[in-house]
Every structure is written in structure tokens, then in C-alpha cells.
Amino acid sequence: ETGVTQSPTHLIKTRGQQVTLRCSSQSGHNTVSWYQQALGQGPQFIFQYYREEENGRGNFPPRFSGLQFPNYSSELNVNALELDDSALYLCASSFARGGYNEQFFGPGTRLTVL
Amino acid sequence: AQSVTQLGSHVSVSEGALVLLRCNYSSSVPPYLFWYVQYPNQGLQLLLKYTSAATLVKGINGFEAEFKKSETSFHLTKPSAHMSDAAEYFCAVTTSIQGAQKLVFGQGTRLTINP
């Protein structure tokens with residue numbers, strides 16, 4: 001069974017650029033959540049995708065957007081990058097079945113905005 | 001809204017000593033609570049979870065936590081610290097937003113083990 005994978009591992013961008021981060025969910029999972037973890041902070045929920053549609057969003061501006069594909073993999077896109085977007089971006093997959101759905105985290109993508 | 005507060009951003013113990021990391025939660029409904037560990041430059045690994053079964057929860061690597069409703073606490077303990085326990089620890093609670101089940105994390109506690 002393959003766990004959650006993310007690519008790339010590290011990324012350096014400049015202000016104003018756009019970035020796409022990728023996540024492959026664990027086998028059998030149909031839901032992907034994205035979190036932003038700034039340095040020295042706990043992860044913050046960005047949004048969740050279920051069956052290719054956004055299924056809940058945290059307090060992030062519209063320049064943070066995402067996609068989920070038929071194979072349940074997902075992308076996080078960030079437009080007009082700002083310095084404060086520098087963070088570790090974590091993807092978590094789960095199987096939505098009602099009740100508690102355990103989330104399994106990938107290793108993260110470290111984004112640095114200069 | 002559900003939230004968690006971790007008391008102490010940095011805890012330092014000697015190898016072999018008791019580890020105690022504190023977490024208090026706020027929830028309007030019976031919560032699901034978690035402890036995650038994060039090693040440098042890595043993602044989050046689940047240590048243990050409380051999902052309304054036994055109040056004393058045992059996890060991996062010798063860690064355990066006790067759910068105390070009267071104190072709204074879910075403190076993490078380990079009887080004897082090992083050097084490999086040095087890491088960042090996060091307490092989290094589940095909540096729902098627009099139908100999505102999300103995790104709300106505390107600020108984290110950095111655990112240092114002294115030889």
C-alpha cells in the first residue's frame with residue numbers, strides 16, 4: 001500500500017509568481033485536504049476536496065485554489081505569491097465514510113518565496 | 001468552534017525522565033483528539049487518537065494520553081524519555097467546516113532530550 005506522496009520536496013519562487021504543488025493520495029482514499037504550516041506554527045487548514053469538488057475551505061484568499069482528479073490525486077495552486085506564503089504545505093488523504101475519518105499526511109512541500 | 005491550546009512551546013527533559021506535554025481543548029461537541037509528532041523536515045505522524053472509546057489511549061513509541069472531560073485536557077505522557085523522542089509535537093481536534101472534516105492544531109511543543 002502506497003502512502004501519501006507530495007512533489008516537489010522543495011521549491012523556491014519569487015513574489016508575484018505562481019506555483020503548483022502536487023499530492024498523490026493513499027490507495028483507496030477519496031478525500032484530500034491541504035494544510036499550510038508556517039515556521040514555528042501548527043498546520044492551518046486551507047481546503048478539502050472530495051469527489052473532485054471543494055468540500056470546505058479555511059481562512060485563505062481565493063488566490064489559493066485546488067483541483068482533485070478522477071484518481072483522487074490533487075493539486076494546490078497559489079497565484080501572486082507573497083512572502084508570507086513561505087511555509088511547509090502538507091497534504092492529507094482520507095476515506096470519507098461518515099463519523100471520524102483519519103487523515104494520513106504526506107511529507108510536505110517546503111515553499112520559499114523570495 | 002473547536003480549538004486546542006498547548007501549554008509550553010518548549011519542554012526539555014533528561015533522557016530517562018518522564019515526558020509530559022500538555023493540551024487543553026475547547027469543543028461544543030464530544031471531540032476527537034489527536035497527538036501528532038513531526039521530526040525535522042518531515043510531515044506529521046500520528047502518535048495516538050481519542051475517538052470516544054477508552055479514555056486512556058496508548059500510542060506508538062511508548063506514548064499515551066488520557067482524555068479528561070472535566071478538565072478539558074488530553075495530555076501526552078511517556079514514562080521514560082529517549083533521545084529519539086526529540087521532535088515537535090502537535091495536539092489536534094477535529095471539527096467540521098462546510099461539510100468537510102478538518103483538523104485544528106495547537107501551536108506545537110518542541111521536546112528536547114538532554115543526555
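Trainee: What makes the link of A:Cys23 and A:Cys91 left-handed?

Mentor: The angle about its S-S bond is -55 degrees, and with that value the link is left-handed. Keep in mind that this is a predicted model.

Trainee: Why is the pair A:Cys23 and A:Cys91 called a disulfide?

Mentor: The sulfur atoms of A:Cys23 and A:Cys91 are 1.7 Å apart. A disulfide needs cysteine sulfur atoms within 2.5 Å, so the pair counts as one.

Trainee: Which parts of chain A does the pair tie together?

Mentor: A:Cys23 lies in strand E3 (residues 19-24) and A:Cys91 in strand E9 (residues 87-94), so the tied parts are 68 residues apart in sequence.

Trainee: Why are A:Cys23 and A:Cys91 called buried?

Mentor: Buried means under 20% relative accessible area. A:Cys23 has 2% and A:Cys91 has 0%, so both are buried.

Trainee: How do you know that B:Cys23 and B:Cys91 form a disulfide?

Mentor: Their S to S distance is 2.0 Å.

Trainee: Why is the disulfide of B:Cys23 and B:Cys91 called left-handed?

Mentor: Its torsion about the S-S bond is about -65 degrees, so it is left-handed. B:Cys23 is in strand E3 (residues 19-26) of chain B and B:Cys91 in strand E9 (residues 87-97), so this pair ties together parts 68 residues apart in sequence.

Trainee: Are B:Cys23 and B:Cys91 buried or exposed?

Mentor: B:Cys23 and B:Cys91 are both buried.

Trainee: How many disulfides does the structure hold over all chains?

Mentor: The structure holds two.

Notes:
Residues numbered from 1 in each chain as written. Chains lettered and ligands numbered in written order. Predicted model: local features only at pLDDT ≥ 70, side-chain atom pairs only at ≥ 80, totals over all residues. Heavy atoms only, no water. Helix = DSSP H or I, 4+ residues; strand = E, 2+ residues; numbered from the N terminus. Buried < 20%, exposed > 50% of the residue type's maximum accessible area, 1.4 Å probe, protein only.
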